[in-house]
Amino acid sequence: MRESYRVAVVGATGAVGNTMLQLLVERSFPIASLKLLASHRSAGEILTFKNDPIVVEELTHDSFADVDVVFSSAGASVSREFIPTAVDKGALVIDNTSAFRMDEDTPLVVPEVNMDAARTHNGIIANPNCSTIQMMVALKPIYDAAGIKRIVVSTYQSVSGKSGRAVLELVQQTTEALEGKPITLDKFPHQMAFNVAFDWPFLDSGDNEEEVKMINETRKILNDDTIGVSATTARVPVFFAHSESINLETDKKLTVAETREILNDAPGVNLMDNPSNQEYPLAVDVAGTDEVYVGRIREDASIENGLNLWVVADNLRKGAALNAIQIAENLL
């Protein structure tokens with residue numbers, strides 16, 4: 001392992017990019033040099049890293065000279081255009097977009113779940129969807145202990161999963177709604193303040209793109225196409241942290257006590273399950289943290305081997321930037 005690496009962050013001015021910079025400092029990632037890359041619209045902005053100002057550069061095909069590691073989160077179309085160039089120039093790319101997730105030759109990795117898959121990369125390792133990441137951290141220990149036949153998941157996703165500007169729009173819409181003013185619609189197709197909405201393009205099947213991502217990515221990460229997965233994803237007026245209601249049908253019977261014991265020892269999981277004392281994961285408490293929180297574990301009496309879980313994680317940290325950095329830390 002080298003002592004330090006020449007790092008580039010693509011999409012540095014976005015919500016995930018900003019979180020990436022914060023975590024690189026918090027985790028003392030060994031950086032010899034740092035390039036911050038973004039579109040021409042953001043080029044020239046100045047960001048701070050370790051109290052030093054760094055000018056954001058425009059992303060071009062010449063941006064990857066003398067770069068060892070690229071963290072990319074600027075959108076799938078950008079990744080498809082530029083990431084192959086970074087690989088050709090010798091960089092390891094951790095890509096946080098949907099561009100390569102389902103590519104057969106690209107490992108899709110959650111470090112607590114399938115880090116071994118990253119060892120066979122061809123220069124690109126894909127970061128899963130934010131909702132998939134937290135679900136996999138919570139479910140892999142159960143999958144190992146009892147097998148999983150079927151997953152039914154409903155998500156309650158924060159607006160920061162859309163963009164930093166979406167957070168500002170929710171603030172604006174909330175003020176407008178409270179003051180009885182017309183609601184501004186820019187990043188959202190519907191009013192988001194005081195509402196629950198579906199915020200992703202719909203497919204001919206009736207599923208939206210986010211739901212299909214969760215279904216396909218779950219099977220790829222677990223390397224198990226036999227698992228039935230049904231997903232319903234919704235956007236809620238919460239700033240940070242995604243929440244998920246997960247219903248499982250396992251192959252082997254697990255009691256609540258057994259499930260708690262399994263999850264209590266699981267890497268990356270924080271068990272918070274004392275509902276009689278009002279202790280269970282809440283988005284406002286989980287925002288800004290790095291673990292996946294699990295609570296409200298219950299048996300589902302409607303099926304033979306049924307379990308219900310409530311799973312919450314910070315979508316910008318573990319759901320995106322942190323997962324990418326953990327991959328690099330483990331691999332390098």
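**Salt bridges and exposure**

Student: Why is Asp 66 called exposed?
Tutor: In this predicted model, Asp 66 has a relative accessible area of 57%. Exposed means over 50%, so Asp 66 qualifies.

Student: What makes the contact of Asp 66 with Arg 6 a salt bridge?
Tutor: The closest N and O atoms of the pair are 3.7 Å apart. The cut-off is within 4 Å, so the pair counts. Asp 66 sits in the loop between β5 (57–58) and β6 (69–72) and Arg 6 in strand β1 (residues 5–10), so the bridge ties together parts 60 residues apart in sequence.

Student: Why is Arg 6 called partly exposed?
Tutor: Its relative accessible area is 29%. Buried needs under 20% and exposed over 50%, so Arg 6 falls in between.

Student: How do you know that Asp 62 and Lys 89 form a salt bridge?
Tutor: Their N to O distance is 4.0 Å, and the criterion is within 4 Å. The pair links the loop between β5 and β6, which holds Asp 62, to the loop between α2 (76–88) and β7 (92–95), which holds Lys 89.

Student: What makes Arg 235 buried?
Tutor: Arg 235 has a relative accessible area of 3%, and buried means under 20%. Asp 199, at 7%, is buried by the same cut-off. These two residues form a salt bridge, with closest N and O atoms 3.1 Å apart.

Conventions:
Residues are numbered from 1 along each chain as its sequence is written. This is a predicted model: local features need pLDDT of at least 70, side-chain atom pairs count only at pLDDT 80 or more; totals for chains, interfaces and linings use all residues. Side-chain values use heavy atoms; hydrogens and water are left out. A salt bridge is a side-chain nitrogen of Lys or Arg within 4 Å of a carboxyl oxygen of Asp or Glu. Helices (H or I, at least four residues) and strands (E, at least two) are DSSP runs, numbered from the N terminus. Buried means under 20% relative accessible area, exposed over 50%, partly exposed in between (1.4 Å probe, protein chains only).
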